[in-house]
Amino acid sequence: MTGPAETLLKIFIPILVVCLLIVLWQVCVWVSGVPQYILPGPIAVAGALFKDWGTLSPALWVTTKITLMSLGLALLGGVGIAVALVQSKWIEIAFYPITVILQVTPIVAIAPLILIYSPSTQVALLICAFLVAFFPILSNMVQGLKSVDHNLLNLFDLYGASRWQTLLYLKLPASLPYFMTGLRIGGGLALIAAVVAEFAAGSAGAGSGLAFRLLEAQFRLNIPRLFAALFLLSCLGVVIFAITSFISWLALHRWHESSLKREN
């Protein structure tokens, strides 16, 4: 099978499976006669999405903005702190456990404290999402920086490379696959954390994200709108994963084994 045909099949087959599942869902709703306030069909969800787009689209933008901002901060913080940690064994021993504690503490438990000390709800949501997305990027980056081939490190030492030259020309490029893994994981976690943080914060009003719209639809028993908001969240997650995967492919497909295409 040729390359373009194989690529088309990889795209077409998942889309076909999803379409068949949607059709099966609609048929089951029709056959069972279940009311919309219990389980709406895809047609009802599409109608709610179209009718309530004016309400859902601003909430989608708020959630997207918090997710992307927290992911950007997590990338800067994770890479920066990872570089600092690997410069000295004692720095890593002193500060790495703190990052672990922040990661293993449930964000729902510390969200009330963050809300108290933050200047606004949006800042609190951003901090919560950042804390969740930060650790996977940090841990993967630290692992990548520490996994450099020691023979190459000895070669750089032999030629008198400085610590920063070794970092810039050897350690950072070698850690790129680990960083890309952390990026893909962090992108999904940033979205999850943004939604969970909004649930914990209980924010409401015009500046709220999709999490509030989910709760609002639940309280009003507007289940088609609830499913429409869930659909938008799923689409946002898929888009984030696709973008981060494409970035990873761009960075690795020419040289790294995980992205090289083999005949066998």
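Predicted model: local features only at pLDDT ≥ 70, side-chain atom pairs only at ≥ 80, totals over all residues.
Taken along the principal axes, the box filled by the C-alpha atoms spans roughly 75 × 60 × 25 Å. The chain has 264 residues, and 38% of them are buried. Among contacts with a separation of 6 or more, 71% are between residues 24 or more positions apart.

Two helix pairs are described here. Packed helices are described by the angle between their axes and the distance between the axes.

Helix H5 covers residues 107–117, and helix H9 covers residues 176–201. Their axes come within 9 Å and cross at roughly 60°. The crossing is right-handed. On the H5 side, the contact involves Ile107, Val108, Ala111 and Leu115. These residues meet Val196, Ala200 and Ala201 of H9. By class, the contact of H5 with H9 has seven nonpolar residues, with no polar and no charged ones.

The other pair is H4 with H6. Helix H4 runs over residues 89–104 and helix H6 over residues 121–146. The two pack at an angle of about 145°, and their axes are 9 Å apart. This crossing is left-handed. H4 contributes Glu92, Tyr96, Thr99, Val100, Leu102 and Gln103. The H6 residues in the contact are Leu131, Val132, Phe134, Phe135, Pro136, Leu138, Ser139, Val142 and Lys146. By class, the contact of H4 with H6 divides into 10 nonpolar, three polar and two charged residues. The contact of H5 with H9, by contrast, has no polar and no charged residues.

Attention now turns to charged side chains. Side chains of opposite charge can pair when their charged atoms come close. The structure holds five salt bridges. One of them joins the side chains of aspartate 52 and arginine 225, at 3.1 Å from N to O. Aspartate 52 sits in the loop between helix H2 (42–51) and helix H3 (53–86), whereas arginine 225 belongs to helix H11 (residues 223–252), so this pair ties together parts that are 173 residues apart in sequence. Both aspartate 52 and arginine 225 are buried. For arginine 225, the relative accessible area is 11%, so the residue falls in the buried class, for which the cut-off is under 20%.

Arginine 225 also meets glutamate 216 in a salt bridge, with an N to O distance of 3.3 Å. Glutamate 216 in turn forms a salt bridge with arginine 220. There, the closest N and O atoms are 3.4 Å apart. Glutamate 216 counts as buried because its relative accessibility is 12%. Arginine 220 counts as exposed because its relative accessibility is 58%. Salt bridges that share partners join Asp52, Arg213, Glu216, Arg220 and Arg225 into one network.

Conventions: Residues numbered from 1 in each chain as written. Heavy atoms only, no water. Axes fitted to C-alpha atoms, helices over the stretch in contact; angles between N-to-C directions. Helix = DSSP H or I, 4+ residues; strand = E, 2+ residues; numbered from the N terminus. Left-handed = near helix turned anticlockwise from the far one by under 90°. Contact = heavy atoms within 4.5 Å. Nonpolar A, V, L, I, M, F, W, Y, C, P; charged D, E, K, R; others polar. Salt bridge = Lys/Arg side-chain N within 4 Å of Asp/Glu carboxyl O. Buried < 20%, exposed > 50% of the residue type's maximum accessible area, 1.4 Å probe, protein only.
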